Amino acid sequence: YLKQIHRIGESTLIIYRIFIADSISTEELTLSIKELTMSILAAYCVPHPPLIIPAVGGGEEEKISDTIRAYQKVAREIAALAPQTIILTSPHLPLYLDYFHICGGKRARGDLAKFGAPLEALEVSYDEELIRTLSLALAQDSFPAGTQGETSKELDHASFVPLHFIR
């Protein structure tokens, strides 16, 4: 099932994976944080069963047709909101007890080869300005987070599945 969690501001945010990297100046941070807080429109929590993608499901995805329809609704809402940036979190990213891992870099690519569908692939670009802004804000607050400890530059299936519907 998909459930809209929260709607505020004037742009869209999907919670599923977060991307952060370098630092920026305090003035840039102040301006960027102000712009960021004014631009969040929505957040969604979505499941990520690879079976939902027809190339993986092979017809079995019809058993979760309610979830497919819910994903399609979320995708239409996101398209109508036309966000500049989408932020995702994933339960399959590296987890640390004392550190919040954030994916960094310029882009990521993923496919569903592990699930028998290597041709189901996509590539996304990261919002490097947001990455710098968040990195600096976290460092200034002494929050233990960053891009260290990344084990893979590939999108996992928990990121791939929602992106499949909204691309």
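Reader: Is Ser-142 buried or exposed?

Author: This is a predicted model, and accessibility is computed from its atoms. Exposed means over 50% relative accessible area. Ser-142 has a relative accessible area of 63%, so Ser-142 is exposed. Ser-142 lies in the loop between helix H4 (128–140) and strand E6 (145–146). The phi of Ser-142 is positive, about 55°, although Ser-142 is not a glycine.

Reader: Which residue other than glycine has a phi near 45°?

Author: That is Ala-82. Ala-82 is found in the loop between helix H3 (65–81) and strand E3 (100–101). With a relative accessibility of 57%, Ala-82 counts as exposed.

Reader: How many helices and strands does the chain have?

Author: The chain has five helices and six strands. Along the sequence they follow the pattern β-α-β-α-α-β-β-β-α-β-α. The chain has 167 residues, of which 41% count as buried. Of the contacts with a separation of 6 or more, 83% are between residues 24 or more positions apart.

Reader: Where in the chain is confidence lowest, and where is it highest?

Author: Start with the general idea. Where pLDDT is low, the predicted coordinates should not be read in detail. In this chain the mean pLDDT is 77, and 77% of the residues reach 70 or more. Confidence is lowest in strand E1 (residues 3–7), with a mean of 32, and highest in helix H2 (residues 54–57), at 97. Over residues 1–34 pLDDT stays under 50; the model has 135 contacts beyond four places in sequence for these residues.

Reader: Which residues of strand E4 are on the covered face, and which on the uncovered one?

Author: In a regular strand the side chains alternate between the two faces of the sheet. In strand E4 (residues 107–112), Ala-108, Gly-110 and Leu-112 make up the covered face. Arg-107, Arg-109 and Asp-111 make up the uncovered face.

Reader: In what sense do E4 and strand E5 pair?

Author: E4 and strand E5 (residues 117–125) pair in the antiparallel sense, over six bridges.

Reader: What does Asp-111 touch?

Author: Asp-111 lies in strand E4. Leaving out residues up to four places away in sequence, Asp-111 touches Pro-118, Glu-120, Ala-121 and Phe-160. At 24% relative accessibility, Asp-111 counts as partly exposed. The C-alpha atoms of Asp-111 and Val-161 are 9.7 Å apart, while the two residues are 50 residues apart along the chain.

Reader: At what angle do H3 and helix H5 pack?

Author: Two packed helices are described by the angle between their axes and the distance between the axes. For H3 and helix H5 (residues 157–166), the angle is about 65° and the axes are 8 Å apart. The crossing of H3 with H5 is right-handed. On the H3 side, the contact is made by Ile-68, Tyr-71, Gln-72, Ala-75 and Ile-78. On the H5 side, it is made by Val-161, Pro-162, Phe-165 and Ile-166.

Reader: How many residues in this contact of H3 with H5 are nonpolar, polar and charged?

Author: By class, the contact has eight nonpolar residues, one polar residue and no charged residues.

Conventions:
Residues numbered from 1 in each chain as written. Predicted model: local features only at pLDDT ≥ 70, side-chain atom pairs only at ≥ 80, totals over all residues. Heavy atoms only, no water. Buried < 20%, exposed > 50% of the residue type's maximum accessible area, 1.4 Å probe, protein only. Helix = DSSP H or I, 4+ residues; strand = E, 2+ residues; numbered from the N terminus. Pairing = 2+ DSSP bridges. pLDDT = per-residue confidence, 0-100. Contact = heavy atoms within 4.5 Å. Axes fitted to C-alpha atoms, helices over the stretch in contact; angles between N-to-C directions. Left-handed = near helix turned anticlockwise from the far one by under 90°. Nonpolar A, V, L, I, M, F, W, Y, C, P; charged D, E, K, R; others polar.
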